[in-house]
Protein chains: 4
Amino acid sequence: MCGILAIVGRSDVGAALYDGLTVLQHRGQDAAGIATVDGARVHLHKANGLVKDVFNTEHMSRLRGRIGIAHCRYPTAGSEGADEAQPFWVNSPFGIALGHNGNLVNTNLLRKELFEQDRRHINTGSDSEVLLNVFAHEMQNSGSLRATAEDAFRAVSAVHARCIGGYAVVTLVLGLGVVAFRDVHGIRPLVLGRRDSDDGVEWALASESVALDLLGFKRERDVRPGEGMIITEQGELLSQQCAEPKQHAPCIFEYVYLARPDSMMEDVSVYKARLRMGEKLAQKILHLRPDHDIEAVIPIPDTSRTAALALAQTLDVKYREGFVKNRYVGRTFIMPGQSERVKSVRRKLNAIELEFRNKCVLLVDDSIVRGTTSRQIIQMAREAGARKVYLASAAPPVRHPNVYGIDMPSAEEFVAHDRSEQEIEQLIGADWLIYQELDDLIWSVSEGNDDLNHFDTSCFSGEYITGIPTGYFEDLARARADHAKAARRVSKG
Amino acid sequence: MCGILAIVGRSDVGAALYDGLTVLQHRGQDAAGIATVDGARVHLHKANGLVKDVFNTEHMSRLRGRIGIAHCRYPTAGSEGADEAQPFWVNSPFGIALGHNGNLVNTNLLRKELFEQDRRHINTGSDSEVLLNVFAHEMQNSGSLRATAEDAFRAVSAVHARCIGGYAVVTLVLGLGVVAFRDVHGIRPLVLGRRDSDDGVEWALASESVALDLLGFKRERDVRPGEGMIITEQGELLSQQCAEPKQHAPCIFEYVYLARPDSMMEDVSVYKARLRMGEKLAQKILHLRPDHDIEAVIPIPDTSRTAALALAQTLDVKYREGFVKNRYVGRTFIMPGQSERVKSVRRKLNAIELEFRNKCVLLVDDSIVRGTTSRQIIQMAREAGARKVYLASAAPPVRHPNVYGIDMPSAEEFVAHDRSEQEIEQLIGADWLIYQELDDLIWSVSEGNDDLNHFDTSCFSGEYITGIPTGYFEDLARARADHAKAARRVSKG
Amino acid sequence: MCGILAIVGRSDVGAALYDGLTVLQHRGQDAAGIATVDGARVHLHKANGLVKDVFNTEHMSRLRGRIGIAHCRYPTAGSEGADEAQPFWVNSPFGIALGHNGNLVNTNLLRKELFEQDRRHINTGSDSEVLLNVFAHEMQNSGSLRATAEDAFRAVSAVHARCIGGYAVVTLVLGLGVVAFRDVHGIRPLVLGRRDSDDGVEWALASESVALDLLGFKRERDVRPGEGMIITEQGELLSQQCAEPKQHAPCIFEYVYLARPDSMMEDVSVYKARLRMGEKLAQKILHLRPDHDIEAVIPIPDTSRTAALALAQTLDVKYREGFVKNRYVGRTFIMPGQSERVKSVRRKLNAIELEFRNKCVLLVDDSIVRGTTSRQIIQMAREAGARKVYLASAAPPVRHPNVYGIDMPSAEEFVAHDRSEQEIEQLIGADWLIYQELDDLIWSVSEGNDDLNHFDTSCFSGEYITGIPTGYFEDLARARADHAKAARRVSKG
Amino acid sequence: MCGILAIVGRSDVGAALYDGLTVLQHRGQDAAGIATVDGARVHLHKANGLVKDVFNTEHMSRLRGRIGIAHCRYPTAGSEGADEAQPFWVNSPFGIALGHNGNLVNTNLLRKELFEQDRRHINTGSDSEVLLNVFAHEMQNSGSLRATAEDAFRAVSAVHARCIGGYAVVTLVLGLGVVAFRDVHGIRPLVLGRRDSDDGVEWALASESVALDLLGFKRERDVRPGEGMIITEQGELLSQQCAEPKQHAPCIFEYVYLARPDSMMEDVSVYKARLRMGEKLAQKILHLRPDHDIEAVIPIPDTSRTAALALAQTLDVKYREGFVKNRYVGRTFIMPGQSERVKSVRRKLNAIELEFRNKCVLLVDDSIVRGTTSRQIIQMAREAGARKVYLASAAPPVRHPNVYGIDMPSAEEFVAHDRSEQEIEQLIGADWLIYQELDDLIWSVSEGNDDLNHFDTSCFSGEYITGIPTGYFEDLARARADHAKAARRVSKG
């Protein structure tokens with residue numbers, strides 16, 4: 001999970017990129033970076049940490065220029081710390097910086113090709129560095145002495161032809177401007193906004209429309225799957241379809257959990273989609289147990305609030321904020337001779353006993369992945385005196401890895417892996433466990449846009465819209481194991 | 001606003017104090033400190049910043065000992081940065097550390113007495129340092145070679161006799177243990193908890209019961225107004241009433257805004273009190289406009305959620321989370337040559353247009369102080385398309401300064417200062433402004449505890465339960481002005 | 001080893017104290033601190049680290065006031081890190097800050113008395129905190145409501161009566177000014193300087209005159225043994241002899257190693273004293289081996305340069321800087337799987353082979369303590385091709401612990417402990433080892449001042465001018481062992 | 001001025017590169033960096049600051065691999081802070097890292113060619129980035145799929161053909177090893193060392209032999225002007241002359257000031273060369289004033305000590321260390337309302353009055369550039385009581401800019417610019433000013449190596465061995481001015 005942002009403005013954009021990153025920070029808290037074009041020079045600063053910690057006044061004062069891109073990153077399997085913070089950068093040809101949200105599934109092959117055919121060295125484990133070099137190589141192949149829009153569209157086409165996976169990308173190409181594109185299925189989001197300033201039109205591209213809102217850009221439209229979009233240094237917007245149309249299939253997990261509720265994606269309000277998820281869950285509950293004994297609906301903060309509220313209203317049961325989130329969680333110190341520390345979930349949540357005491361409560365979460373947190377929360381509800389504890393998940397069981405850029409544990413760690421719903425219910429200790437039906441989830445989102453009726457639902461269905469190269473999952477498992485080993489080695493150093 | 005915590009345990013308590021502080025952090029984010037007793041030595045670490053930033057592994061490893069106190073601080077008028085972080089410390093007599101939540105109103109007189117009669121130098125502007133030295137002086141007067149419980153109770157009595165104001169206090173007295181007390185009206189909160197470990201009984205005292213919950217202590221009871229409480233180094237609990245009974249009058253603002261909803265104070269659930277505030281507000285609305293046209297009730301996050309929910313349910317109007325809070329607000333950089341930055345409230349909140357478009361909405365806030373944020377939020381609601389924007393405040397108009405430890409701007413800056421409700425409505429741009437009635441607010445809290453029917457409501461009523469020494473408000477205004485001047489001087493340095 | 005400094009000026013002295021500390025830094029690189037009087041308030045900042053790292057612009061801007069003291073500290077046995085940085089501070093009576101260079105030998109008794117009789121808690125292992133509390137207690141005993149000069153002189157007298165050891169002390173007494181004093185034997189140095197500014201006379205007191213030079217103060221005279229000196233807040237200089245005259249016996253190690261060559265101490269030029277040490281060594285060499293075969297005299301940088309130069313000139317042998325000191329020594333990282341690191345002395349010194357190849361060289365050091373460095377350096381000289389390697393020490397064998405404030409290893413670690421000079425010569429691998437005679441060392445210093453003919457030479461002679469309380473050396477050994485244990489415990493945490 | 005280092009070892013070299021950098025730190029204290037090859041990955045860490053501050057344990061633990069290069073940098077005109085720290089890196093072709101000591105004079109042309117013909121973007125003002133891209137472009141031109149030694153030699157030849165200036169370079173080429181080379185005149189130094197470990201031969205290349213000494217490598221020989229040298233990943237040493245022989249002309253300033261005295265350069269001992277400079281100066285003095293009245297020779301520490309010592313011995317006048325250097329210089333704080341701070345030179349040096357009082361002294365410095373420091377030091381000598389103050393410079397007047405990598409002020413700022421020696425003498429306030437003759441300086445160095453009789457002496461003679469492209473000096477002046485302006489702009493931000 002990452003957030004990307006690009007602005008072509010009429011005055012310095014460093015501070016706007018900074019502000020915009022802060023509202024995309026929920027997509028990645030691990031690292032942040034900004035690159036700007038200042039005349040013939042690119043200024044780049046990136047490091048591990050939250051946006052507010054990565055940039056100080058000196059950094060910001062260097063990030064001059066009215067064109068720039070920004071990125072925030074979530075750690076993904078195989079990541080190596082600050083080396084993999086984005087934007088990435090190559091100086092040949094032209095000077096190109098790139099920020100990427102998503103994941104490629106044919107990286108190993110591309111890496112080999114890049115080295116053997118193109119003699120480009122990929123120095124990190126990041127597929128984003130691979131993607132940048134594919135793009136750069138195709139730009140270089142054009143042979144032009146100056147970067148042209150034509151070259152860039154051709155390079156985007158070549159990227160679509162060579163790269164398999166989900167990707168939304170913003171790049172800076174020196175001498176041309178911002179070049180942006182999305183994978184051919186439109187798995188990862190990218191939305192265009194426009195602002196009319198006194199000095200002319202300004203453009204922005206962002207993972208989520210909330211960044212446009214904050215910065216006063218008006219949402220125009222989503223970048224289309226396979227489309228190449230260029231905003232020249234002069235502020236001209238150029239667009240070209242750079243791949244044959246394929247099945248449009250945005251990632252449905254964005255609506256379930258990842259995106260902010262106040263974002264519009266593919267013309268669908270995430271907030272409204274979540275309300276509909278709650279309604280659908282309520283209908284399922286009423287269908288299964290018309291005479292249910294639920295006395296209160298309690299969200300597990302923060303994401304599930306919206307669905308829980310609609311669920312409660314549809315059920316006509318009281319909605320109650322029975323859990324309070326600790327906003328100031330501290331570090332965990334391991335001290336010799338000290339008694340056992342507070343359990344991790346208790347350090348993040350506290351139950352209001354009055355809402356649980358002797359009641360039958362329905363807890364609502366957006367999804368259930370490992371199930372460990374669910375088990376602890378159910379336990380907390382019981383300790384707070386709940387008579388019965390039910391749990392509803394706004395998404396179906398997560399049974400398959402996400403390979404398009406959402407960080408998840410390995411499939412073996414999913415509580416739903418090789419388990420029936422009944423077995424999961426028992427394992428997490430719920431008196432009743434209700435999962436959303438996949439069709440209901442799809443309906444909840446597609447109801448917002450008549451033209452949208454297909455999604456990447458691979459986590460739930462195991463169907464991968466792009467196809468998966470042979471050996472990919474095996475390599476992934478190996479990389480995870482190696483990474484875990486390397487982490488241990490470093491921590492010993 | 002500050003949070004205090006004390007533990008007398010059977011094994012090292014440093015990590016528990018740290019964890020406990022994190023859930024009291026909402027009471028003060030400006031500075032934090034911990035002091036522990038380790039044999040004949042006190043370890044103390046304090047600094048400006050959040051708990052998670054103030055303590056590192058090395059600090060924690062030094063904070064050995066099974067007895068300790070902790071403090072988190074909110075900046076108050078006249079504060080001077082890290083010098084005023086707590087606990088404060090004197091080495092004579094015995095070695096005494098102190099953490100204080102509240103504010104004294106006769107500090108100037110006490111400071112003079114301490115210097116002239118007791119030759120104790122007070123080095124900061126902090127009334128907490130004054131309080132410590134009054135206590136220390138009274139301990140010294142006992143003439144005992146070792147600190148005894150009797151001396152401590154006598155010193156607490158003397159503090160009650162000499163100090164006017166609101167205060168909840170935890171102290172470490174070397175050779176005795178923890179000594180705790182509350183002011184004679186019980187304005188500021190302090191609650192006792194108990195945990196039975198294999199090695200014997202353990203005790204904790206905290207500003208709010210949520211810290212006890214986190215650490216597995218069972219809430220026993222609130223420390224009584226004017227009571228002195230000692231937990232000896234051996235773990236024995238001693239208590240004595242150290243002042244004549246006076247009107248019990250806890251600060252009602254704790255229930256409105258300051259305390260966490262999951263805390264119990266004076267046996268009243270803060271959460272339930274807020275639900276009742278919402279109900280009362282709804283009744284007032286129904287009374288004033290039985291045919292109101294409200295289509296949605298929307299809380300201004302986070303504190304007002306509970307009241308808003310009850311309000312909506314009582315009105316039988318949809319409750320909607322129309323504002324999304326930005327959780328990762330960054331720093332404000334002022335860059336030369338950059339276009340105007342995003343307005344401050346927009347950096348903290350974003351409106352979900354769908355909940356506002358063409359609707360008549362009722363926004364709910366816990367209280368209205370300066371009114372500037374209210375005005376900006378109402379403006380945001382209108383820009384999001386609201387047809388009409390009403391605003392309800394769960395508390396009555398704030399018209400008088402709080403002098404018992406809640407940081408507020410000067411009275412002149414209150415929007416309600418010298419203004420009628422109608423004038424305020426107009427100033428903040430609301431189509432309708434509804435304030436809670438003071439009696440309804442009092443009822444909302446006292447309904448939770450039959451024995452509790454009086455409060456400090458001075459912010460609303462201007463009645464100060466302790467009486468206020470002549471000249472106090474004038475001195476306060478002067479200190480504010482001086483402090484503002486000093487701040488300017490430093491920033492120029 | 002510590003450096004102390006005090007200034008009573010006519011304008012802010014914070015920056016001058018900072019600058020002055022930097023030229024006293026050779027006396028202590030472990031911690032630094034400054035306290036200033038700003039009206040009725042004391043500003044204090046201290047921390048572990050070099051002066052340049054301890055203070056930033058914000059700290060300095062707070063250290064307002066035209067009166068202040070400063071301290072830099074060397075780690076001593078039993079030290080506990082930042083808790084023991086100086087100046088120390090008590091707020092009762094009056095507010096007193098203190099900086100101390102030296103060491104007391106009856107601390108344990110004083111600590112007991114302070115607690116039992118005076119009920120003052122000493123929180124650290126520092127004898128300086130003890131000294132401050134003795135002084136503070138005696139000030140308190142005066143019973144005056146305001147601190148007077150008379151009280152201060154009486155308190156200094158009481159300190160001299162109660163404290164045994166070496167100490168040079170500067171204090172800030174709020175409402176009075178700076179109070180300074182030296183122990184009755186004048187073991188540790190303190191020198192007074194005067195500067196005439198347009199606004200009146202300004203005074204400074206410093207461990208070494210070099211700080212006066214830097215700040216433009218003219219050296220007036222040394223503070224006398226047992227003298228109490230007060231510089232009032234108004235800038236008046238008061239002095240009184242506060243103890244019966246005893247044998248004046250400054251620490252001779254200051255001249256050998258500790259002080260800067262450009263300092264004047266007791267009207268003796270440290271530089272000239274070192275030249276004389278070199279001459280005396282040369283005479284001994286000529287006496288013992290009139291036909292010596294020394295071809296080059298090579299100092300071990302930096303301290304021994306002066307003596308080595310005079311030695312070479314007296315011998316009429318070439319003086320050569322055969323060792324180059326590495327000025328940028330880095331940290332030591334212990335990496336898994338890496339080959340052995342460079343030996344520690346090689347990281348600090350490098351030999352110029354041309355000055356050693358096939359030569360008989362005389363290396364000169366100021367003194368020999370553990371002997372391990374000497375052995376390594378002699379080895380380096382051999383590896384650089386020296387035919388013969390002689391070593392001369394400008395001081396006699398170090399055989400007894402210093403108890404008056406110079407940090408040394410325990411006596412068992414001295415190479416000269418229980419060994420003859422011949423055995424030492426063999427152990428460190430020298431072809432010839434020449435030690436200074438103690439009488440020659442004494443002559444070298446006393447030649448500079450007719451009135452000065454006695455010194456504390458305890459490291460060499462084992463004669464402690466103050467007498468040593470029974471059990472002191474045993475306690476010291478125990479404290480060392482405990483400290484080593486605690487250090488291991490912390491590093492595991 | 002920069003220091004470079006490369007090691008091809010048999011085990012991890014990160015710590016050795018770190019240690020080696022610390023003894024090259026005198027060549028550049030502005031920034032430091034290390035790059036290592038770890039399998040197919042390059043680890044790179046670089047930042048502004050001293051070596052000891054740039055690298056922490058985490059950085060070092062990442063710098064795995066048995067092949068690596070390192071760099072320390074001095075700020076040069078036009079530098080832009082951390083962006084220009086070295087090693088620089090390109091990923092196309094192969095992955096190449098480069099560290100460079102020196103300066104090119106045809107950068108502008110190369111930059112243009114690189115962009116227009118090779119489409120390589122140079123993002124900083126650094127000529128080292130240009131040099132890397134020239135080398136990389138030539139490697140790319142080879143068309144090989146794997147980097148071969150043949151390609152590398154061809155690329156070095158092309159660099160020699162295209163680049164004009166002084167440069168010593170170490171590079172990492174992934175898949176090949178370390179490639180190193182010096183400019184065709186051998187202006188900047190680079191020396192090869194060898195160490196035989198149990199696992200095979202290890203090689204190191206360094207700016208100065210002192211780094212080889214520290215790490216236990218035996219000095220083999222200097223890299224030859226125009227030579228290309230490869231140490232393969234397997235540890236094989238390959239060498240080829242990559243340019244026609246030209247006049248060998250090492251920078252004579254290395255011997256005067258820049259290099260450490262314990263370094264061997266071109267088989268000449270820097271230390272011995274400096275002794276000879278002192279002797280030659282003495283001869284000039286004796287020639288000009290056979291009856292001179294010099295009573296003491298006093299070096300201005302640290303560099304001039306060696307020459308001053310030989311000068312004194314030849315004159316048969318006492319050598320005295322009359323100035324003591326402050327080793328702990330702090331920061332300069334500018335405080336409002338404080339009296340004037342200590343003058344800068346006084347914060348770095350202190351005079352021992354006894355060596356000046358009523359004497360005629362000869363101060364010795366290595367060279368005189370701006371003359372401001374000389375003037376202040378002469379003034380200090382007078383204030384210390386000197387009767388007459390003479391000044392000798394071990395180098396001739398500096399009258400022309402150094403364009404081969406030594407940072408100097410612009411020519412207009414040289415005190416000798418457009419001034420006769422007599423005018424300079426007057427300006428700096430010396431009673432007599434003696435400059436070394438250029439021929440004597442040349443003799444002092446060339447005496448150490450029969451084959452070495454030509455040098456780059458451009459600072460003194462204005463003769464630039466490489467020739468200087470038209471417009472170079474004008475561009476340099478402009479860059480300086482722009483940089484000064486930009487610095488002001490940033491500091492305002």
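Figure 1. Strands (E, at least two residues) and helices (H or I, at least four) are DSSP runs numbered from the N terminus. The model is predicted: local features need pLDDT of at least 70, side-chain atom pairs count only at pLDDT 80 or more, and totals for chains, interfaces and linings use all residues; side-chain values use heavy atoms, with hydrogens and water left out. Residues are numbered from 1 along each chain as its sequence is written, while chains are lettered from A and ligands numbered from 1 in the order in which they are written. A:His45 has a relative accessible area of 17% and is therefore buried (buried means under 20%, exposed over 50%, partly exposed in between; 1.4 Å probe, protein chains only). A polar atom of its side chain lies 3.0 Å from the backbone oxygen of A:Val54, and the side chains of A:His45 and A:His59 make a polar contact at 3.4 Å. A polar contact is a pair of N or O atoms within 3.5 Å; within protein, one must be able to donate a hydrogen and the other to accept it, and residues adjacent in sequence count only if both atoms are side-chain atoms. Residues up to four places away in sequence aside, A:His45 touches A:Ala32, A:Gly33, A:Ile34, A:Val54, A:Phe55, A:His59 and A:Leu63 (contact: heavy atoms within 4.5 Å).

**Figure 2. Nonpolar cores, with A:Leu362 and its contacts.** A nonpolar core is a set of buried Ala, Val, Leu, Ile, Met, Phe, Trp, Tyr and Cys residues joined through side-chain atoms within 4.5 Å. The largest core has 105 residues, and A:Leu362 and B:Leu362 have the most contacts inside it. Beyond neighbours within four places in sequence, the contacts of A:Leu362 include A:Ile285, A:Ile294, A:Leu311, A:Tyr390 and A:Ile434. A second, separate core of 104 residues includes C:Leu309, C:Cys360, D:Tyr319 and D:Tyr390.

**Figure 3. Interface of chain B and chain A.** The two chains bury about 5200 Å² between them, 55% of it on carbon and sulfur atoms. Buried area is the accessible area (1.4 Å probe) that two parts lose on being put together, summed over both. In chain B, B:Tyr271, B:Tyr328 and B:Phe333 lose the most area to chain A, together 13% of what that side buries. The contact joins 59 residues of chain B to 59 residues of chain A. The rule finds 2 salt bridges across this interface (a side-chain nitrogen of Lys or Arg within 4 Å of a carboxyl oxygen of Asp or Glu). B:Arg347 forms a salt bridge with A:Asp19, their closest N and O atoms being 2.7 Å apart.

**Figure 4. Interface of chain B and chain C.** Here about 3400 Å² is buried between the chains, 42% of it on carbon and sulfur atoms. Each chain is represented in the contact, with 38 residues from chain B and 38 residues from chain C. The rule finds 0 salt bridges and 16 residue pairs in polar contact, both at pLDDT 80 or more. Elements giving two or more residues to the chain B side include strand S3 (41-48), helix H4 (107-116) and helix H16 (472-492).

**Figure 5. Helix H14 (residues 438-446) of chain B.** Its residues B:Asp440, B:Leu441, B:Ser444, B:Val445 and B:Ser446 are buried. Among the elements of chain B covering them are helix H8 (253-258), strand S15 (268-269) and helix H15 (458-461).
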